[in-house]
Amino acid sequence: DYYQRYPYTSFIRLIRFLTLHVALLFPSVYVAIITFHQEMLPSPLLYTIVSARQGVPFPAFVEAIVMEVVFEILREGGIRLPRPMGYAVSIVGAIVLGQASVAAGIVSPALVIVVSTTAIASFAIPTVAGSNPIRMLRFILIVAAAILGLVGIIMVLLALLIHLCSLRSFGVPFLS
């Protein structure tokens, strides 16, 4: 980042910041809106999502948790395989499992889009030390969204902000 031109680097940092938020919040916001806040969606979009969810036996919370766990299993399996084969197994496995689960009526197509967008966004986080907490927080936020909706998401984010404000690294506040 320090060896590139300022406009390019600023744009890339903005994209990384955006993908960080997508990777952290997208599944939980989906669960909160589908479960509690349907009135926030425009009517045509709501009708499309409701018709796509027709026949799905599980609530959005269970769907999201199952799909996130399956993707995390695919990611870990891909890491343990040799590089070229690991990427292929992860991509093909995600495509096959996503298509098969939609065809079987276990999950809705909208959730597959949400989980795949979240997965792609999580790959833009540059370090493992930065992506692991995001992966764990994603599950906490999905649970909070299933219990309290958007209020639960905001409560968890405020608790996270308070925790980050209280941290110190070598005597210097973490968020300074």
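# Exercises on a predicted helical chain

From the N terminus on, the elements of the chain run α-α-α-α-α-α-α-β-β. The model is predicted: local features need pLDDT of at least 70, side-chain atom pairs count only at pLDDT 80 or more, and totals for chains, interfaces and linings use all residues. Residues are numbered from 1 along each chain as its sequence is written, and side-chain values use heavy atoms, with hydrogens and water left out.

## Exercise 1: the chain as a whole

Task: How many helices and strands does the chain have, and what percentage of its residues count as buried?

Solution. Start with the terms: helices (H or I, at least four residues) and strands (E, at least two) are DSSP runs, numbered from the N terminus. On that basis the chain has seven helices and two strands. Next, buried means under 20% relative accessible area, exposed over 50%, and partly exposed in between (1.4 Å probe, protein chains only). Of the 176 residues, 32% count as buried. The C-alpha trace spans about 55 × 40 × 30 Å along its principal axes. Finally, take contact to mean heavy atoms within 4.5 Å. Among contacts between residues at least 6 apart in sequence, 69% join residues at least 24 apart.

## Exercise 2: the largest nonpolar core

Task: Which residues of the largest nonpolar core touch the most other members, and which helix supplies the largest share?

Solution. A nonpolar core is a set of buried Ala, Val, Leu, Ile, Met, Phe, Trp, Tyr and Cys residues joined through side-chain atoms within 4.5 Å. The largest such core has 31 residues, and Leu 24, Tyr 30, Val 31, Leu 111, Leu 141 and Ile 153 touch the most other members. At least two residues come from each of α1 (6-35), α2 (43-53), α3 (60-80), α5 (109-122), α6 (128-148) and α7 (150-166). Helix α1 gives the largest share, eight residues. In soluble globular proteins, nonpolar side chains tend to be buried together.

Now follow Leu 24. Leaving aside residues up to four places away in sequence, Leu 24 touches Ile 134, Leu 137, Arg 138, Leu 141 and Leu 157.

## Exercise 3: two helix pairs

Task: At roughly what angle do the axes of α6 and α7 cross, and at roughly what angle do those of α1 and α3 cross?

Solution. Axes are lines fitted to C-alpha atoms, for helices over the stretch in contact, and angles run from 0 to 180 degrees between N-to-C directions. Angles under 35 degrees count as roughly parallel, over 145 as roughly antiparallel, 65 to 115 as roughly perpendicular and the rest as oblique.

- Step 1. The axes of α6 and α7 cross at roughly 140° and come within 6 Å, so the two helices are oblique to each other.
- Step 2. In α6, Leu 137, Ile 140, Leu 141, Ala 144, Ala 145 and Leu 148 meet a set of α7 residues including Leu 150, Val 151, Ile 153 and Leu 157. To sort them, Ala, Val, Leu, Ile, Met, Phe, Trp, Tyr, Cys and Pro count as nonpolar, Asp, Glu, Lys and Arg as charged, and the others, Gly among them, as polar. The contact of α6 with α7 has 13 nonpolar, one polar and no charged residues.
- Step 3. The axes of α1 and α3 come within 9 Å, with a crossing of roughly 160°, so α1 and α3 are roughly antiparallel.
- Step 4. Pro 27, Tyr 30, Val 31, Ile 34 and Thr 35 in α1 meet Ala 60, Phe 61, Ala 64 and Glu 68 in α3. This contact divides into seven nonpolar residues, one polar and one charged.

## Exercise 4: single residues

Task: Is Arg 138 buried or exposed, and which residues does Arg 138 touch?

Solution. Arg 138 lies in helix α6. Its relative accessible area is 1%, so Arg 138 is buried. Not counting residues up to four places away in sequence, Arg 138 touches Ala 23, Leu 24, Pro 27, Glu 68, Glu 72, Thr 118 and Ser 122.

Task: Where is Phe 170 placed, and is Phe 170 buried or exposed?

Solution. Phe 170 sits in the loop between β1 (168-169) and β2 (172-173). With 85% relative accessibility, Phe 170 counts as exposed. Its phi is positive, about 55°, although Phe 170 is not a glycine.

Task: How far apart are the C-alpha atoms of Phe 17 and Ile 125?

Solution. Phe 17 lies in helix α1 and counts as exposed at 51% relative accessibility. The C-alpha atoms of Phe 17 and Ile 125 are separated by 8.7 Å, with the two residues 108 residues apart along the chain.
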